[in-house]
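Subject: Structure handover

Hello,

Here is the structure you are taking over. Please open it first, then read the notes below.

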Amino acid sequence: MDTLFQPYRLNASLTLANRFMMAPLTRCMAGPGLVPTEQMAAYYGRRADIGLIISEATIIRPDGQGYPNTPGLYSAEQIEGWKKVTSAVHAKGGKIFAQLWHVGRVSHSFFHGQQPVAPSAIGLEGTLPRMRDLSYPVPRALEVAEIAELVEQYAQAAANAMEAGFDGVEIHGANGYLIDQFLHHASNLRDDQYGQTPENMSRFALDVVDAVNARIGGDRVGLRLSPGAYAHMEGDTRDRGVFDYLLGELNKRTLAYVHLGIFDDSLTFDYLGGRASDYLREQYDGHLVGVGNYSAETAAEAIKADRFDLIAIGRPLIANPDYLARVKKSEPLVPYSDTMLAELV
Ligand code: FNR
């Protein structure tokens, strides 16, 4: 357990105070114009003792929105709002990355008046979480020129994050959102340079990584991935080849870390040969962030067994702003419940 509380060197630019990360947690509490608020600054500030906070997913442009009141990083007002958040975290000696998000087909014209975009015109079954009466429309397949534009907008959002005082960014390539939609066969039926083969299906993700790295430096860039489809996505055995290729390419690049996107890391996937975390450990050479229903104790065991290097904690940190202090003193935690999402404690 002591290992978790020791500093951890990610690279020449970043050493974390401990091995805990705050998992990105969408809270739907941004103000008008999707601008972060004082309450959000105080909420993140209360958790600044965590080695690295990952912000709630933050949209890179208006049609990237899939849930109400999620913050953005594309307007001057949003950048100013985030400055309050990063200052509150830095004032207490903490570090924070912005999670860069575009939901792709998990969007709705309700938010921005446009038809959602995606790799292919394949709609998602079901209804919007937190907006139960809205079902997802069939998206419009992106044109090649629009894909290049999106890559540039991720890079611009990363530059905006640095202007807002973030220590870096995490590219949200997980959980069935836009980047992940290119990486899975269920949502990518393109027959151009972005579809059909592992190399083509990885192209958008790698172009985003390369563009963001070129703008802010790979030491300050993390990437979240869901090789096992579990949210907003159907799995396909052919997805394995895509992730084998992608991770091999990522091994040639500089990144601060790769972070698994999952809710419960005990889930196994036939086509990955078991847990997604074990698959990533096998394929990826850099720092790996584990997540998904871990306590500090089970995380310490997993880190001791060398299954990953850092642990991201989600729901327990919603329920316990003083999570780290409680764990350190072996005090009981307040159990998480969904009703807690109504308030920023
Ligand atoms: C999440 N999760 C999530 N993931 C992500 O990449 N971006 C996000 O914005 C969110 N938002 C979010 C909101 C809420 C309310 C929950 C519960 C979860 C997933 C989260 O980062 C994490 O992977 C899971 O919560 C599993 O970790 P825990 O909660 O078991 O420690």
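At what angle do helix α1 and helix α2 pack, and how far apart are their axes? The angle is about 25 degrees, and the axes are 8 Å apart. Angles under 35 degrees count as roughly parallel, so α1 is roughly parallel to α2. Keep in mind that this is a predicted model.

For orientation, α1 covers residues 38-45 and α2 covers residues 76-91. The crossing of α1 past α2 is right-handed. On the α1 side, the contact uses Glu38, Met40, Ala41, Tyr44 and Gly45. They meet Trp82, Lys84, Val85, Ala88 and Val89 of α2. By class, this α1 and α2 contact has 7 nonpolar, 1 polar and 2 charged residues.

Next, α4 and α6.

Helix α4 spans residues 144-163, and helix α6 spans residues 198-216. They pack at about 35 degrees, with 9 Å between their axes. α4 passes α6 in a right-handed crossing. From α4, the contact draws on Ile147, Leu150, Val151, Glu152, Tyr154, Ala155, Gln156, Ala158, Ala159 and Met162. From α6 come Phe204, Asp207, Val208, Ala211, Val212, Arg215 and Ile216. The α4 and α6 contact divides into 13 nonpolar, 1 polar and 3 charged residues.

Then α7 and α8.

Helix α7 (residues 239-250) packs on helix α8 (residues 276-283) at an angle of about 40 degrees. Their axes are 10 Å apart. α7 and α8 are therefore oblique to each other. Here too, the crossing of α7 past α8 is right-handed. α7 contributes Arg240, Phe243, Asp244 and Leu247 to the contact. α8 contributes Tyr279, Leu280, Glu282 and Gln283.

Last, the ligand.

Which residues come nearest to the ligand? There are 20 residues around the ligand, and Thr26, Arg224, Asn293, Gly314 and Arg315 come nearest. A polar backbone atom of proline 24 is 2.8 Å from an oxygen atom of the ligand. For glycine 314, a polar backbone atom is likewise 2.8 Å from a ligand oxygen atom. Asparagine 175 uses its side chain: an N or O atom there is 3.5 Å from a nitrogen atom of the ligand.

Best regards

Conventions. Residues numbered from 1 in each chain as written. Predicted model: local features only at pLDDT ≥ 70, side-chain atom pairs only at ≥ 80, totals over all residues. Heavy atoms only, no water. Axes fitted to C-alpha atoms, helices over the stretch in contact; angles between N-to-C directions. Helix = DSSP H or I, 4+ residues; strand = E, 2+ residues; numbered from the N terminus. Parallel < 35°, antiparallel > 145°, perpendicular 65-115°, else oblique. Left-handed = near helix turned anticlockwise from the far one by under 90°. Contact = heavy atoms within 4.5 Å. Near = heavy atom within 4 Å. Polar contact = N/O pair within 3.5 Å; in protein donor to acceptor, adjacent residues only side chain to side chain. Nonpolar A, V, L, I, M, F, W, Y, C, P; charged D, E, K, R; others polar.
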